[in-house]
Amino acid sequence: VVFVIRYEYLACGHCDACATGDYQRCREGLSIVLGIGRDGGMAEEVVVPERAIVPLPAGIAVEDACLVEPLAVAIHGLRLAGVRGDHRVAVVGGGTIGLCAVAAVTGLGAPVALVARHDSQREAGARLGATEASGEYDVVIEAAGTSSALTDATALAKSGGTLLLLATYWDGFEIPAFDICLREIRIVPSSMYGRGDEGRDVDAAARLLASRPEIPEILITHRFPLEGAAEAFATAADRSSGAIKVVLEP
């Protein structure tokens, strides 16, 4: 059996949040996140507890296993929002998280539309099963992380629908509160991934990746060695060049 480190964060494992499987809400806060609250985000090797290991199903290449993490982010959000196969879903934002959300929604059998800024993102979304947005949606996933994207997402949600916040809002955001309250749109915040009644989100993500071998080819557009980190970040920042998921490989 091949294993991959669930490298994004290392929860303490014993606080009240960890005990219920909500280790993304660990009492240790950002100190559990490698590369943000502690060193090691781009290390060649890192020591982790056994609970931070994910068994990879057969058929997943180790160099593609990095996609388990963003897929788990999407799966976790869909679980919190209660997305079902009979929901109409739209995703706003065509980066890695948004496209992983598209893959996760289609994995549930639900129709999904994508609103993305760049042609390469829209093309990738179409290959994953997304259509163009039209009409109103039961669930709208905001995956761009900007105030304007949040406004666009709100406009796509039907009255009484759900707005899932899957992005990371480093600089905060403005919320169209009047529209949201007037139409009673439910807001569901989501952070990283945890464990639900059916097991860990990371394991569900690994199964999804194994069932759809085309995902890495669609999402991973560039690969760099660790010594090429500066070029990798520059490439990732230039979305107009067609970059989606840029990978650093030790």
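User: Taking helices as DSSP runs (H or I) of at least four residues, numbered from the N terminus, which residue just after H3 takes a positive phi?

Analyst: The model is predicted. Helix H3 covers residues 96-107. Just after H3, a positive phi of about 85 degrees is taken by Gly109.

User: How far does H3 reach from its first C-alpha to its last?

Analyst: H3 has 12 residues, and at 1.5 Å a residue the expected value is 16 Å. The model comes close to that, with a reach of 16 Å.

User: How many of the 12 residues of H3 are buried?

Analyst: Buried means under 20% relative accessible area. Among the residues of H3 that qualify are Gly98, Leu99, Cys100 and Val102. H3 is largely enclosed by the rest of the structure, because the number of its 12 residues that are buried is 9.

User: How many nonpolar residues does the contact of H2 with H3 have?

Analyst: H2 contributes Pro70, Leu71, Val73, Ala74, Ile75 and Leu78, which meet H3 residues including Ile97, Cys100 and Ala104. By class, the contact has no charged residues and 1 polar residue, and its nonpolar count is 12.

User: Are H3 and H4 roughly parallel or oblique to each other?

Analyst: H4 spans residues 119-128, and its axis lies 9 Å from that of H3, at an angle of about 15 degrees. The two helices are therefore roughly parallel.

Key. Residues numbered from 1 in each chain as written. Predicted model: local features only at pLDDT ≥ 70, side-chain atom pairs only at ≥ 80, totals over all residues. Heavy atoms only, no water. Axes fitted to C-alpha atoms, helices over the stretch in contact; angles between N-to-C directions. Contact = heavy atoms within 4.5 Å. Nonpolar A, V, L, I, M, F, W, Y, C, P; charged D, E, K, R; others polar. Expected span 1.5 Å × (residues − 1). Buried < 20%, exposed > 50% of the residue type's maximum accessible area, 1.4 Å probe, protein only. Parallel < 35°, antiparallel > 145°, perpendicular 65-115°, else oblique.
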